[in-house]
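Here is a walk through one protein model, from a single loop residue out to its sheets and helices. Have the 3D view open as you read.

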Amino acid sequence: MTEKDLCIVNIGNTSTRIYTEGREITVPTGELTAEMIPSGVPCAVSSVVPEKTRQLKDARADIFWITKDTPGMPDLSQVDASTVGADRLANAAKLLSDGVLPAVTIDCGTAINCEIVSRDGAFLGGAIYPGRKLLRKALHLFTAQLPEIPENPTLPEDFPGKNTKHCLEWGTDGMAAAAIGDFITRTRILFPGESLRIVFCGGDGDFFYQQFKDQPGVESGGAEFTRDGIRALYERAKVQKI
């Protein structure tokens, strides 16, 4: 199946990516409508926004939805699968389809979603952290004077910060990086003596990849890792129906 044979939609909290006809369209999730999704081709959707899920289900009966019951999922018996978002399920399924296990995906966006899949293909759970933009926005909204600053591709060169902007970068980016470092350390403990594959992905994945790229097993999955997981699940389900 080529990219033109399937429309893939990844509905996130902030933005939605629509992959169709070999190209990508990104729209704010609040502005997404059913009319933006092309008809006449198969469509696979991952959504973490219940309101948009309901709207699309009312408008389109032919959509393939990513759920805990989709064929190709890891063994979900060790987690409460009813509470796991579709994007996290797609990422875990992509790890499983790649076959290099045990593995972790760290999907960096509005939230930073971390999934762990064991060598025997079981989804062990993970962690959800606030992303860099969310940390910045919280400080801005709940203080009187702190500005909301844009995300930079790297941490400031000098420590400690000498102005408010650099102090905010160390306080938000530094906090996020430290949290992910702790998650990686704890995950390695789960697999003593094993090589752990660690995949950074998502729209803000490159920032975190740069912080950890020198550690063993770390790689970049790019911004389209979740898309590829959705595609892998769709193709697995299609094969099982034949």
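## A loop residue to start with

Let's begin with E31, which sits in the loop between β3 (23–28) and β4 (43–47). Helices (H or I, at least four residues) and strands (E, at least two) are DSSP runs, numbered from the N terminus. E31 has a relative accessible area of 51% and is exposed; on this scale buried means under 20% relative accessible area, exposed over 50%, and partly exposed in between (1.4 Å probe, protein chains only). Between the C-alpha atoms of E31 and K52, 21 residues apart along the chain, the separation is 9.8 Å.

A word on the ground rules. This is a predicted model, in which local features need pLDDT of at least 70 and side-chain atom pairs count only at pLDDT 80 or more, while totals for chains, interfaces and linings use all residues. Residues are numbered from 1 along each chain as its sequence is written, and side-chain values use heavy atoms, with hydrogens and water left out.

## The sheet from β1 to β5

Five strands make up an open sheet in the order β3-β2-β1-β4-β5, with mixed pairing; two strands pair if DSSP finds at least two bridges between them. The edges belong to β3 and β5 (63–65), each with a single partner strand, so one side of each has no neighbour in the sheet. On average, neighbouring strands of this sheet are turned by 20 degrees against each other, direction ignored.

Strand β2 (residues 15–20) runs antiparallel to β3 in a pairing of six bridges. T16 stands opposite V27 in β3, and T20 stands opposite R23 in β3. The two strands form a hairpin with two residues between them, and E21 in the turn has a positive phi of about 55 degrees.

## The sheet from β6 to β10

There is also an open sheet of five strands in the order β8-β7-β6-β9-β10, again with mixed pairing. Here β8 (123–130) and β10 (218–222) are the edge strands; each has a single partner strand, so one side of each is left without a neighbour in the sheet. From one strand to the next, the twist averages 20 degrees. Axes are lines fitted to C-alpha atoms, for helices over the stretch in contact, and angles run from 0 to 180 degrees between N-to-C directions. Helix α2 (residues 86–98) packs on this sheet, touching β6, β7 (111–117), β8 and β9, and its direction makes about 40 degrees with that of β7. Contact means heavy atoms within 4.5 Å.

How buried is β9? Five of the five residues of β9 are buried, so the strand is largely enclosed by the rest of the structure. In a regular strand the side chains alternate between the two faces of the sheet. Both faces of β9 are covered, with R197, V199 and C201 buried on one side and I198 and F200 buried on the other. Strand β6 (residues 103–108) pairs with β9 (residues 197–201) in the parallel sense over five bridges, and T105 has V199 as its bridge partner in β9. The pairing of β9 with β10 is parallel too, over four bridges, and there V199 has E219 as its bridge partner.

## Helices around α4

Two packed helices are described by the angle between their axes and the distance between the axes. For helix α4 (residues 164–190) and helix α5 (residues 205–212), the axes come within 11 Å and cross at roughly 65 degrees. The contact involves D173, A176, A177, I180, G181 and I184 of α4 together with F207, F208 and F212 of α5.

Helix α3 (residues 132–141) meets α4 as well: their axes come within 9 Å and cross at roughly 140 degrees. That makes α3 oblique to α4; angles under 35 degrees count as roughly parallel, over 145 as roughly antiparallel, 65 to 115 as roughly perpendicular and the rest as oblique. On the α3 side the contact uses R132, L135, R136 and L139, which meet L168, E169, T172, D173, M175 and A176 in α4.

## One more loop

A223 lies in the loop between β10 and α6 (225–241). At 34% relative accessibility, A223 is partly exposed. Leaving out residues up to four places away in sequence, A223 touches R17, Y19 and G202.
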